[in-house]
Amino acid sequence: MTYHGSVLKKSGALLLAGAVVATTWGGSTVPSAFAATVTPTGKSSVTTAAVTAGKAPATAAAFVQAMEEAATLAGVPFAMDKLSGTTVQRKDAAVALQQWLELDSTTESFKDVPDEATFAGAVGALNTAGLMKGYTESLFLPNAVLTENDLAVLKDRIYNYIKPFVLEEATIMDLQAAMTKGKLTSKELVQKYLDRIEKYDDQGVSINAVLTLNPDALQIAEQLDEERAAQGARGPLHGVPILVKDNFDTNDMPTTAGCICLKDSIPAHDAEQVKKLKAAGAIILGKTNLHEFAFGITTSSSLGGQTLNPYALDHYPGGSSGGTGAAIASNFAAAGMGTDTGGSIRIPSSFNSLVGIRPTIGLSSREGIIPLALTQDVGGPMARTVSDAAIMLDATAGYDKKDVATAYAVGKIPSSYTDFLDVNGLKGARIGVAKELIPSTKAEEKAVADVINTAVEELKTLGATAVPISIPNWTEINKYPSLSGYEFKFQLNDYLDSLGANAPYHSLSEIIASGEFDKSQEQSLKTRDARETLETTEYKDIVLKRTQITRESLLKVMADNNLDAIIYPTSTQAAGVIGEGQTSGGNNRLSPFSGFPSITVPAGFTTDGLPVGIEFLGRAFDEGTLIKLAYSYEQGTHHRQAPKLTP
């Protein structure tokens, strides 16, 4: 956690702003409402200009009343002696707050606060807690009088400091703030998520999203708590529990792709993205169910069975990362990881009112992920908010010598994707609305189209220009197949070979012969296994021509219309009823066929209460722009709602 103050010159005096907590790593400083006009000699004064600007001094009675209101709102006891005088100086406010909040006295280094001063310990305590910082790094201005504006800001800060921690829907930064303030330890946080998994995944509504739990999670959390106490947090993911799809290699838990054929397979090494998450201080809480081998979009496997949608238990959760989607929507972890070959991050994110990012191919390593089709495969974050997804992307993006595709990203990754979290990001943006990707012929399509058409109007209200477009060559692009039917056998065999002597099977043929797989996928497995080579004109034409026509078509329409992004429904239909099949349309193909990034964000719900996601597609390695647009839309609409079945 970092704190910031800024110094502005104005009319021969210094307008010094401080005392705002900027709880972000790599984010921008938030201007403070705590401001005082200070002469060059350091003496503060409440000027006529300040009063006329609405910065009149706050009364002592108003100060006490504001703190009592904050306590009442937070549901905590309040006791504060009546303050003497009609106004409140900063030093007196610090002393009163220290006594009420029972904060330990802390040393400080402000030049205008003598060590022997009776209020010095209180100033240090409030400074350490981030409730009242100095106006500069060296000046606290203890005799400055609180203004009404200052009091409003202080009340808000006190409320956020004392309010009880609530796990449900807590963001990563909420978790960090709670741990920093001592309201919560990482070990306690892990236990809270384990309790929710037991209550709602293993029994009760039995979402059936989590395959395996990390038996060492509590011990790892305790170690990270000790590290935090000794040397501070590594970053925003320090001590934060994460769930990953069970096709990411983990060296301390089985990696199965949902297949009983791999139920005992524990790789020697973590997948590169898992390794990066651990290095950032994240705790891999467990592994989630998926559509077996990531073949489909309904999330059923021989090892994990059928995962349910927490918004409607008789509906599919999407797939193939449906276990991660249902788990994060149900607040089983702070955030999660999925993989996407043709829509497997974005579809379950859409069906579970989540944010899902499919990065540019090459932004993040695929090393250690059980492949489906490496020409299209990516791993990426799934989260309840855009900011959490950005934090996860920060942790997982980067070059890996074991995945040559990541060489393309060198020099194209910003210092932090959180720098793009701009609430006004849609103002002045030009958004292409792909009309032919918003079908409404069928009733199921119309339910989604209605939500998306409303979302387009919301984009306009938030300052964007919506430009109706047609995707050039869309019919031809949509006729191309996914390459999973071509590459899977060869790349799975390579993966099995990488497991060495401990591999339970050494080829797809052996797995089929064993019978240890989801029998509903037998024909798909046999068809893929029958493919003898990739050295065919058919395959090479798809790889070259499909990629070229998709990229050029998208770049042309964006350039012709000066677009920042293109939008469309992530899926043309909402979650289907279990047993009645599931379709999603072909919209999700644009990103994997081109290799360009896309992000889906909650757009609302159908009249039946099923979540709908809107997808933003951008140019290669332009995740920052997509995050900016999606964040602005999210903050302007707040469509995300937690499922009522897992309160």
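**Helix contacts, sheet and cores in a predicted model**

Gln273, Lys276 and Leu277 in H9 meet Met392, Ala395 and Thr396 in H12. Contact here means heavy atoms within 4.5 Å. Helices are DSSP runs of H or I with at least four residues, strands are runs of E with at least two, and both are numbered from the N terminus.

Some ground rules. This is a predicted model, where local features need pLDDT of at least 70, side-chain atom pairs count only at pLDDT 80 or more, and totals for chains, interfaces and linings use all residues. Residues are numbered from 1 along each chain as its sequence is written, and side-chain values use heavy atoms, with hydrogens and water left out.

Back to the pair. H9 covers residues 272-279 and H12 covers residues 386-396. They pack at an angle of about 110°, and their axes are 8 Å apart. Axes are lines fitted to C-alpha atoms, for helices over the stretch in contact, and angles run from 0 to 180 degrees between N-to-C directions. So H9 and H12 are roughly perpendicular to each other, a label that covers 65 to 115 degrees. By class, the H9 contact with H12 has three nonpolar, two polar and one charged residues. Nonpolar covers Ala, Val, Leu, Ile, Met, Phe, Trp, Tyr, Cys and Pro; charged covers Asp, Glu, Lys and Arg; the others, Gly among them, are polar.

Now the sheet. It is open, with 11 strands in the order E5-E7-E6-E10-E12-E11-E16-E17-E15-E13-E14, and its pairing is mixed. Two strands pair if DSSP finds at least two bridges between them. At the edges are E5 (210-213) and E14 (465-469), each pairing on one side only. From one strand to the next, the twist averages 30°. E13 (residues 430-434) and E14 run parallel, joined by five bridges. Ile431 has Ala466 in E14 as its bridge partner.

H7 (residues 186-202) packs on it, touching E5, E6 and E7, and its direction makes about 15° with that of E7. H20 (residues 623-637) packs on it as well, touching E11, E13, E15, E16 and E17, at about 10° to the direction of E16.

What about the cores? A nonpolar core is a set of buried Ala, Val, Leu, Ile, Met, Phe, Trp, Tyr and Cys residues joined through side-chain atoms within 4.5 Å. Buried means under 20% relative accessible area, exposed over 50%, partly exposed in between, with a 1.4 Å probe and protein chains only. The largest core has 91 residues, and those touching the most other members include Leu277, Ile431 and Tyr633. Beyond four places in sequence, Tyr633 touches residues including Leu426, Val601 and Phe616. A second, separate core has 38 residues, among them Val64 and Phe110.

Is Arg366 buried or exposed? Arg366 is buried, at 11% relative accessible area. It sits in the loop between E11 and E12. Phe605, in strand E16, is partly exposed at 23%.

Last, backbone geometry. Most residues other than glycine have a negative phi, and most peptide bonds are trans. Leu141 has a positive phi of about 60°, and so does Phe293. Leu141 is buried at 4%; Phe293 is buried at 2%. Gly319 and Ser320 are joined by a cis peptide bond, with omega about 10°. Ser320 lies in the loop between E9 and H10.

Terms used:
Angles under 35 degrees count as roughly parallel, over 145 as roughly antiparallel, 65 to 115 as roughly perpendicular and the rest as oblique.
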